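Welcome, and please have a look at the complex shown here.

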Amino acid sequence: MRRYLVRQLVQLAVVVVGISILAFSILHIIGDPVTLLLPQNAGKEEYARYKHLMGLDKPVWVQYWKFASGAVQGDFGRSWYGNAPAFRLVVDRMPPTIYLTLAGLGVALLIALPLGILAALKRHSFVDTLCTLLAVAGQAMPIFWLGIMLIIIFAVRLRLLPASGYGTWQNFVMPAFCLGAFLAPITMRLVRSGLIEVMNMEFIKTARAKGVAERVVVVKHAFRNACIPVVTVLGLQFGQLLGGAFITETVFAWPGVATLTVDAIRNQDFPVVQCAVVLLALIIVSVNLIVDVIVGLIDPRIRAGA
Amino acid sequence: MTVGSGAAVGPAPFDAAASPDTAGAGWRRLLRLKWGVGGAALFLVIVLSAVFAPWIAPHDPLLVDIRHRMAPPAWMEGGAREHILGTDQIGRDLLSRVIWGGRVSLLVGVSAVLLSSTIGVLFGLAAGYFGAEVDWSIMTLINVMLTFPFVLLALAVIAVLGPSLPNMIVVLGVTGWPLYARVIRAETLALREREFVLAARALGMSHARIVFRQILPNLVSPIVVIATLQIAQVIILESFLSFLGLGVQPPTPAWGNKLGEGRVYMLNSWWIAAFPGLAIFVTTLVINLLGNGLRDWLDPHMKL
């Protein structure tokens, strides 16, 4: 177990350093912060003066070191627009994003678990075909369009739900459903294929032979084992889930990290963009690590295989 | 060839079970593929209508018809007969814009996928074939890229480079490769130990010749399947970027930017947002059906 943990931690460190290099190079190698900050009619001397002032005439690795050592202490510089530290701005917007992500995950499980189990138990039945169709359609659905259609139907036409905003449970309904619809197809497929695989195993036959009720076989013996791949893949897909939350937020004007980042990108406010990128990556990587460790604890085979 | 006969010598229960009624099995498989065939046919229609947009579209997509601004679809009350799907906020024909918009999405989808599959296949082959440090570095790079939400990465890069069609193709192409690399690496790792590769090595073939002449031809099926399915994903991503105003800029007709404009007018004119989005949905659905059908047809056991 200890070796497994160490290996996972080393991988985490490598990924975090990689992401920070990526975030750094987005601005410093592809773009040029000085031209972005100075007015267009600024002269050559002005340009050189600012370049020196911001420490951008030093070698790239010195600049990266400065960025990284600041970032470790939570210092990503001040926002070029709002007069506040970028770190504070991003952290303040974190809770709505996390709530939305959790709500979306909940909705996805509510849709995917019953349908996936039914499809697995009654293979090639009407339910199974329906699930396959739903999964294929769901994967093709652009959720920003789904969100807008929901707004047009439920907010504009029927006036049942608020089109945007944050605070009450009504505000959660459409965004959570939207995100849930994004995640449900893959979850449903995983539940179905995982359960089918487990149902064919020897210990299920043993349990049946012992005369255990079919209901208990499915719930206690099969489902628990089928959960392992579902949890693993969902954990590894956490980045995609956040990506989905990102898209959902922009449709419903949800006051989370995504709307902040998109606004920052429009304003070319790079300290905020960099901070958001690094913090989101850190969250994703930590979730992946936690999931890996939990799964490793449950199932010794994975520990050995990884 | 040698591999095939070698497998036949050993006990091959699956082959024996499948061989008796080959014609019947073929028909049944084709029937199961009907969704794939249907998807392919519809996809062809979409591609043709995009290619021949200037001849098919009833109006010029940029032509402003001030008398019919925000006209609803023809079947609704107040709809104009010459604008079947209605018009947008300055009276441009929506159907024409949707037909023309397909050009941007398909162009971006296909070019980005060509770019990312080339990069991904090269990296995957290198990682799987050479192993050791090469494998470790490439896998680390893949892990970094895969942990990160694709959307955010593309957005950040577009923000620096500026929104334009070539920039978008490059960004979507360069961010999309890890998916191919991961699959190709795993397949190459398995192929590397097979007899025909060992034989090629014993014959003294160069690494490049073994990789491209012996290994790569075996990987065409997974590459084709992933690439097809990825076109749909790239189209969704491209539309999202355009929807945010960070992709294809108006007045160039694209599904994404029309959807973004339509959002502003959704209180009164739902059709401006509805139809471009529907076009995205139908196109990606059809491509997914085609991709799934291809997978079943090429190799039903493929794990993708």
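## Ground rules and confidence

This is a predicted model, in which local features need pLDDT of at least 70 and side-chain atom pairs count only at pLDDT 80 or more, while totals for chains, interfaces and linings use all residues. Residues are numbered from 1 along each chain as its sequence is written, and chains are lettered from A and ligands numbered from 1 in the order in which they are written.

For the complex, the predictor reports an ipTM of 0.81 and a pTM of 0.84. Per residue, its confidence is the pLDDT, which runs from 0 to 100. Chain A has an average pLDDT of 81, with 96% of the residues at 70 or above; chain B has a mean of 82, and 88% of its residues reach 70 or more. Within chain A, the lowest confidence belongs to helix α15 (residues 300-305), with a mean of 60, and the highest to helix α8 (residues 143-157), at 89.

## Two helical chains

Helices and strands here are DSSP runs numbered from the N terminus (H or I, at least four residues, for helices; E, at least two, for strands). Chain A has 15 helices and zero strands, and chain B likewise has 15 helices and zero strands. The C-alpha trace of chain A spans about 85 × 60 × 30 Å along its principal axes.

A residue is buried if 20 or more other C-beta atoms lie within 10 Å of its own, exposed if 12 or fewer, and partly exposed in between, with C-beta atoms placed from the backbone. Of the 306 residues in chain A, 37% are buried; for the 304 residues of chain B, the share is 45%. Two residues are in contact if their C-beta atoms, placed from the backbone, lie within 7 Å. Among contacts in chain A with a separation of 6 or more, 72% join residues 24 or more positions apart.

## Where the chains meet

The contact draws 36 residues from chain B and 39 residues from chain A. On the chain B side, α7 (132-147), α8 (150-161), α13 (220-243), α14 (255-264) and α15 (271-298) each supply at least two residues. Of these, α15(B) gives the most, with ten residues. The chain B side divides into 27 nonpolar residues (Ala, Val, Leu, Ile, Met, Phe, Trp, Tyr, Cys and Pro), eight polar (the others, Gly among them) and one charged (Asp, Glu, Lys and Arg).

Helix α7 (residues 126-140) of chain A is worth a look too. Its buried residues are Cys131(A), Ala135(A), Gly138(A), Gln139(A) and Ala140(A). They pack against α6 (94-121) and α9 (169-199) of chain A, together with α13 and α15 of chain B.

## Two alanines

Leaving aside neighbours within four places in sequence, Ala276(A) is in contact with Val90(A), Val257(A), Leu260(A) and Thr261(A).

Is Ala41(B) buried or exposed? Ala41(B), found in helix α4 (residues 34-51) of chain B, counts as exposed because it has 11 C-beta neighbours inside 10 Å.

Technical notes
pLDDT = per-residue confidence, 0-100.
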